[in-house]
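Thanks for coming. Please have the sequence and the model open.

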Amino acid sequence: MTQLNLGNVRMRFAGDYSAAASYTPADIIRDPGTGDLYVPIIPTVPAGTALSDVASFGTMMVAPREAVPFHVPGANYGAGQVVRSNSNKALYKCIQAANGRTSDPFIDATYWQPVCALTNGSRLTGNTWVEAVMEKSQYISGATPTLNLSSATVFTTTLFGDVTFSVSNIPSQSWVRTLVIATSAANALTYPANWDWGADGPPDPFGASGGEMEIVFRAEGSGSVRASLAWRKDN
């Protein structure tokens, strides 16, 4: 068994956490699900005390995190494994062997315990993994295309004539979206009336085919929208 001597202080690696064991401040305990190391902060931690009990255990080291995989229906999972729910994207930890479980962790509390619940308007709590934000793109077309803000974060279009844009499903809280416009001819563009372009005003229409520009627009709910030209290239 590994033992670490620090002068008059001796600590030993007590192995993976066991609910059947009691621990003292000389023990270093590993969480088998995450690899994190913990040490007792009271003279004796009674058997059955969870590592999450902050009055009994302190975190000694946090193990490196990898991207958390999505739950695979029918897969075999061991206690301590963490997966991401397919329905609400939150993280869940297996609390007992879940061999061949087909139900989503989001609705299967018998086998899964939430690690990090993601809800609108709430703060992240617990062990949190952060992944790169992925934007969803949607192509729109026609003379009067609608930018459905609930279906995409980036809208792309190629102009073949004059176009009037409109917006639907505006979020109730802060939001930001991008509109990418390419053109095959000189066209007139009409934006929603509540778009505020500031001192610069809306971008000039394209004078010929082959141009492209990116417009960023955002708002706090359904009020006035602040719009600006982020990038442009004229052929």
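Let me start with β16 and β18, the latter covering residues 225–233: these two strands pair in the parallel sense, over two bridges. One of the residues involved is Trp195, whose bridge partner in β18 is Val225. Keep in mind that this is a predicted model.

Now the sheet around that pair. It is an open sheet of six strands, in the order β9-β11-β14-β17-β18-β16, and the pairing is mixed. Which are the edge strands? They are β9, residues 137–139, and β16, residues 195–196, and each of them pairs on one side only.

Next, the packing. The largest nonpolar core has 22 residues, and those with the most contacts inside it are Phe165, Leu179, Ile181, Tyr191 and Phe217. Two or more residues each come from β11 (154–159), β14 (174–183), β17 (212–220) and β18. The strand that gives the most is β17, with four residues.

Take Phe217 as an example. Leaving aside residues up to four places away in sequence, Phe217 touches, among others, Leu147, Leu149, Trp175, Val176 and Leu179. Its contacts also include Trp195 and Val225, the two bridge partners I began with. Apart from this core there is another one, of eight residues, including Tyr77, Val83, Ala90 and Ala98.

Strand β3, residues 27–30, pairs with β4 in the antiparallel sense over two bridges. Ile29 has Tyr38 as its bridge partner in β4. The hairpin of β3 and β4 has six residues between the strands, and in it Gly35 takes a positive phi near 85°.

β4 also pairs with β5, residues 57–61; these two run antiparallel and are joined by four bridges. There, Pro40 has Phe57 as its bridge partner in β5.

Is β4, residues 37–40, buried or exposed on its two faces? Both faces are covered: Leu37 and Val39 are buried on one side, and Tyr38 and Pro40 are buried on the other.

Last, the protein as a whole. There are 18 strands and zero helices. Of its 235 residues, 33% count as buried. The protein exposes about 13,600 Å², with carbon and sulfur atoms supplying 53% of that area. As for contacts between residues at least 6 apart in sequence, 38% join residues at least 24 apart.

That is what I had to show.

Terms used. Residues are numbered from 1 along each chain as its sequence is written. This is a predicted model: local features need pLDDT of at least 70, side-chain atom pairs count only at pLDDT 80 or more; totals for chains, interfaces and linings use all residues. Side-chain values use heavy atoms; hydrogens and water are left out. Two strands pair if DSSP finds at least two bridges between them. Buried means under 20% relative accessible area, exposed over 50%, partly exposed in between (1.4 Å probe, protein chains only). Contact means heavy atoms within 4.5 Å. Accessible areas come from the Shrake-Rupley method with a 1.4 Å probe; for residues, only the protein chains shown count as cover. A nonpolar core is a set of buried Ala, Val, Leu, Ile, Met, Phe, Trp, Tyr and Cys residues joined through side-chain atoms within 4.5 Å.
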